[in-house]
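Here's a quick tour of a two-chain model, written for someone who likes cut-offs spelled out. Have a look at it first, then read on.

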Amino acid sequence: MSETILQVKNLKLYYHTSKGSVKALDDVSFDLAAGETLGLVGESGCGKTTMGTGLLRMPTPPGRFEGGQILVEGRDIIPLPEREIRKDVRWEKVSMVFQGAMNCLTPVYTIGKQMMETLQEHRGMEKAEAQELIKEYLGYVGLPADVTARYPHELSGGMKQRVVIATALFLKPRVVILDEPTTALDVIVQAQIINLLKKLKKTFDLSFIFITHDLALEAEVSDRICVMYAGKIAELGSNEQIYGEKGPAHPYTERLLAATPRLRRKVESLSFIPGTPPDLITPPMGCRFHPRCPKAYDRCRVEEPPVREIEPGHMAACWRCFE
Amino acid sequence: MSNGIDGDVILRVDDLKKYFTPHQGFLQSFGKVRKVVRAVDGVSFEIRRGEIFGLIGESGSGKTTTGKLVMKLIDPTSGRILFNGRDVTSIGQAETKEYRRQVQMIFQDPYASMNPRFKIRDVLEEPLEIHRISGNRAERDTRVVRALTEVKLTPPEDFMGRFPHMLSGGQRQRVATARTLILNPAMLVADEPVSMIDLSTRAEILHMMKDVQRDLGLTYLYITHDLSTARYFTDRIAVMYLGRIVEMGRADDIIDHPAHPYTRALIEAVPEPVTGKVDEVKELPISGEIPSPSNIPPGCRFHTRCPFAKEECRAEAEPELMDLGGGHYHACRRWKEIG
C-alpha cells in the first residue's frame, strides 16, 4: 500500500450562526493515499465543500473547527500558525480548484498577469523565469502559450477552467481538491477536462479529492468514493464496492444511485428520495437519514449508527448494514 | 393519445431566425463591420398536442433563444411561429397577452423567479390579476388551492401563507409550475427546470411535471443540455448545434441510434455510473469547443469539429434535415458512409 498523504480524523467543523451551530461536518474521518482519487459525493448541504475549504484550513466564516485533526504528511495542520500554513501547506502541499473558479478570474488582468501573481507571491520568482514556467504549465493543460496575453472574457469556459487548473498545480502540490470542476461546463468539454485531469494526475503524481454531486461522473474518476449525508459519512468504499454488480451497502447511496438518470438504459420511471436533507442545527435523533430511509426501523430512530467496516475497505454507517 | 405522437400540431416553428447585432461604441463604428451573432439560424419543428418535445444542446446552441422566441419574449429576425395554426409573430398586444396566457414558462432558477416578499398565495394570484381573471376572493382561493393540489403541495392551506425562502428548491419549482397552471395554459415552455434541483429530488419534479401533463393534457417544450433526463422525460428530441437542428426524432431512436456525428459525440461524453472506468481515458470523437455564433463555419457548420468531415462538407451548401423514416431526421450528408 502506498503512503498515506492526508488523514482526516474525527473532524468537526461547525458554522456558528445566530440560530445556533450548524454541524456541517460532524465527526468525519478518512484518509487519502498518494496517487489516489477520493470522491466526495452527496446532496447540496451535506458538507462536501466545507470539507474542501476545511482541508486548506480556511473554513468559510462563521465556520470553526470544533475538534479532530487534519494530518498532512503526518502533521496536524489545525493548530499551526497561519504563517506556517501559508509557507508550507496551503497551495504548497494542498491546493484547490474552487467551484465556479473559472468565473473568479479577474476580468481586468490578462491571464499571464494573474498566473504570475501566484509565482511571485510564493516563490519570489523573476518575471522572465515565471513566464517560462507559465508557458510550460499552459502546455500541460493543452493551451497555447499566447493565452497569457488574453483576458478572461476572450476564453471559453473550458479554457478558463484549464487556466485555473494550471494555476492550482504551479507550486507542485501533492493533493489537489477539485470542487465541482466541471459542473458549469458542457458535457463534451466536461469529458475533455476529466481526461486532462487523469493525465495530469499521472504526470505530476498527484492525489485528488474530487467533490461533486454527480454520482455518474464520480464513477469515472474516483478510486474510492465517500458518500456524505448531513455532515457525516454514510458510506465509503472502493469504486467497485459502490458501483459494482452487488450495489452499494447504505440505503442512501442506493437511493441516490437509483435517482441518477442513465442515458444508455431505458427506464420507465426514475426513483427519487422523498423529503429533504435535515436541518443541521438540530439534526434528527438516531441516524440522520432515517426520516427519508425506506429501510429504517426502531433502532435507527433512536440510536446513531457508527461508521463501521462491513467488509475490507468498505465502511458504512447503517444499522441495516451491520446485521 | 397518451404519448401524443399522433396528435394534431399545436405549435409549428418555421425557418425561425434570430440575429443579434452587438452594441457598438462610437469609435468602433470606424472599425470593421460588426459581426452579427446568428443565435438561431433557420430552425423548424412541430410540436403535437399532448407531446413533450425536448430541445437539446450545449451552451451557445441557441436552445434558450429558441425558447424565448416561442414565448415571444424577443422578436424573430425572420420566420414564423404558428400556434394552433395561427401566426403569432405579428399579432398585436391584446392577442399577445392571450397567447402568453396559453403558453406559460417555467424558469431555471426557482430562487430568482419568485418575489421574496410575496407569500405563495400572492405568487399564485399575481397571474390572475395580470390577466384580470381575478373574480372574488373565494374564487381566487379555489383556483390557488386547485393549482397547489395539482402539483402535490398538500395540504395547500399549509403552503399558501409561506414565503418562498421557507420552501426547498423542489417545492419552489412546484410553486412555479402551479403558477403556470393557474391560467389553464395549453403549453408550457420549461427551460432547464430541474438543473438547479438536487439530484435526489430531480426525478420527483420530473414525475410531478409528467403527471400534471397527463392529467391536464398539456404540451411541453422542454429545453435542456441534459440528454439523460431528456430521454426519460420527452417523447421527441431535437438536437441543436450552433443555431440549427442537426437531428430530430423520437427520444429512444435518437439516443439508441444517433445518425449525426454531433449527437453521437454528445452521447459518448455522458458519464455512466458503472465501475471500471477510472483508469480509462475516454476517447472523444470530437475535439475543441463550439465555435462562436458570430463566426459560423461555412458549409456544414459542424465540419470544423467533425471526425468524418470531408472537403464536400466544407465546400458545399449546408445540409438540410433528411428523413430517415419513422420521423427520424438528421442533417449529415455523410451518414451512410459513416454508418
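How many residues of chain A are in contact with chain B, and how many of chain B with chain A? It's 49 residues of chain A against 42 residues of chain B, with contact meaning heavy atoms within 4.5 Å.

## Ground rules

This is a predicted model, so local features need pLDDT of at least 70 and side-chain atom pairs count only at pLDDT 80 or more, while totals for chains, interfaces and linings use all residues. Residues are numbered from 1 along each chain as its sequence is written, chains are lettered from A and ligands numbered from 1 in the order in which they are written, and side-chain values use heavy atoms, with hydrogens and water left out.

## Where the chains meet

Chain A and chain B bury about 4000 Å² between them, 57% of it on carbon and sulfur atoms; buried area here is the accessible area (1.4 Å probe) that two parts lose on being put together, summed over both. On the chain A side, Ile188(A), Leu263(A) and Arg264(A) lose the most area to chain B, together 19% of what that side buries.

The rule also turns up 21 residue pairs in polar contact across this interface, both residues at pLDDT 80 or more. A polar contact is a pair of N or O atoms within 3.5 Å; within protein, one must be able to donate a hydrogen and the other to accept it, and residues adjacent in sequence count only if both atoms are side-chain atoms. Helix 6 of chain A gives the largest share of the side that touches chain B, eight residues; helices (H or I, at least four residues) and strands (E, at least two) are DSSP runs, numbered from the N terminus.

## Salt bridges

A salt bridge is a side-chain nitrogen of Lys or Arg within 4 Å of a carboxyl oxygen of Asp or Glu. Four of them cross the interface of chain A and chain B, and one pairs Glu220(A) with Lys277(B) (3.5 Å, N to O).

Over all chains the count comes to 47. Inside chain B, Arg80(B) and Asp14(B) meet in a salt bridge (3.4 Å, N to O). Arg80(B) sits in strand 4 and Asp14(B) in strand 1 of chain B, so the pair ties together parts that are 66 residues apart in sequence.

## The sheet in chain B

Eight strands of chain B form an open sheet with mixed pairing, in the order 6-7-8-3-9-10-12-11; two strands pair if DSSP finds at least two bridges between them. Strand 6 and strand 11 of chain B stand at the edges with a single partner strand each, so one side of each has no neighbour in the sheet.
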